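Biologist: I have a model open and want to learn how to read it. Can we go through it feature by feature?

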Amino acid sequence: MSGLASLFSGMNFQGTIQRFAADNGWKVSDINSKQATLRFTARSGNNQTLYIIRYDTTLEFSVPSAIMFNSEDQIPHYLSTILLKRNAQRKVGFWCIEEIQNRQVFSCMHNAELQLIDSKYFRTVVLALVEECDEFEQLIARMLRS
């Protein structure tokens, strides 16, 4: 295991995530040896929750949006089109549909190889996902008001 990958192994995962969060002035709200949760208040004032899950050589960062549906059949195609277009404009993160508690949830996600992650990259990914999710939720709120 490389030195960088060992930063995220077992108990080191907790220490590394807590250190990276502290480097950026953030607090980890929940953590164990494989998953961490950070909570943010976005520019809009809305709360966003970021999850980090450790896999073998990868960290998965995910911010589930408030936009969810009970089944795939209920997902409006125009929302998928909007998000596919947004994906083409993004350098960090992508939109996907995750099943969370039996619901279909639009989530902004990023997968990163452990060897690439340092405190600066961690900040870039976290802020990109939180801001993108908040922007999308604000876009949907504006569409619903129109």
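**Cysteines first**

Modeller: The structure holds zero disulfides. Cys96 is in no disulfide, and the nearest cysteine sulfur, in Cys108, is 8.0 Å away. Keep in mind that this is a predicted model.

Biologist: How far is the sulfur of Cys133 from the closest cysteine sulfur?

Modeller: Start with the cut-off: a disulfide needs two cysteine sulfur atoms within 2.5 Å. For Cys133, the closest is the sulfur of Cys108, at 6.6 Å, so the pair is too far apart for a bond.

Biologist: Is Cys133 buried or exposed?

Modeller: Buried means under 20% relative accessible area. Cys133 has 0%, so Cys133 is buried. Cys96 has 19%, so Cys96 also counts as buried.

Biologist: Let us turn to helices. What span does helix 4 reach from its first C-alpha to its last?

Modeller: Compare the end-to-end distance with what 1.5 Å a residue would give. Helix 4 covers residues 119-145, which is 27 residues. Its span is 39 Å, close to the expected 39 Å.

Biologist: Which residue caps the N-terminal end of helix 4?

Modeller: Look for a side-chain oxygen by a backbone nitrogen at the start of the helix. Here Asp118 is the cap. One of its side-chain oxygens lies 3.2 Å from the backbone nitrogen of Lys120.

Biologist: How do I describe two packed helices?

Modeller: Give the angle between their axes and the distance between the axes. Helix 3, residues 77-89, packs with helix 4 at about 145 degrees. Their axes are 13 Å apart. The crossing of the two helices is right-handed.

Biologist: Which residues in helix 3 and helix 4 meet?

Modeller: Helix 3 brings Tyr78, Leu79, Ile82, Leu83 and Arg86. Helix 4 meets them with Glu132, Glu135, Phe136, Leu139, Ile140 and Met143.

Biologist: Where is Gln101 found?

Modeller: Gln101 is in the loop between strand 5 (94-100) and strand 6 (103-113). Asn102 has its place in the loop between strand 5 and strand 6 too.

Biologist: Why does Gln101 count as exposed?

Modeller: Exposed means over 50% relative accessible area. Gln101 has 75%, so Gln101 counts as exposed. Asn102 has 62%, so Asn102 is exposed as well.

How values were computed:
Residues are numbered from 1 along each chain as its sequence is written. This is a predicted model: local features need pLDDT of at least 70, side-chain atom pairs count only at pLDDT 80 or more; totals for chains, interfaces and linings use all residues. Side-chain values use heavy atoms; hydrogens and water are left out. Buried means under 20% relative accessible area, exposed over 50%, partly exposed in between (1.4 Å probe, protein chains only). Helices (H or I, at least four residues) and strands (E, at least two) are DSSP runs, numbered from the N terminus. The expected span of a helix is 1.5 Å times one less than its number of residues. A polar contact is a pair of N or O atoms within 3.5 Å; within protein, one must be able to donate a hydrogen and the other to accept it, and residues adjacent in sequence count only if both atoms are side-chain atoms. Axes are lines fitted to C-alpha atoms, for helices over the stretch in contact, and angles run from 0 to 180 degrees between N-to-C directions. A crossing is left-handed if the near helix is turned anticlockwise from the far one by less than a right angle, and right-handed if clockwise. Contact means heavy atoms within 4.5 Å.
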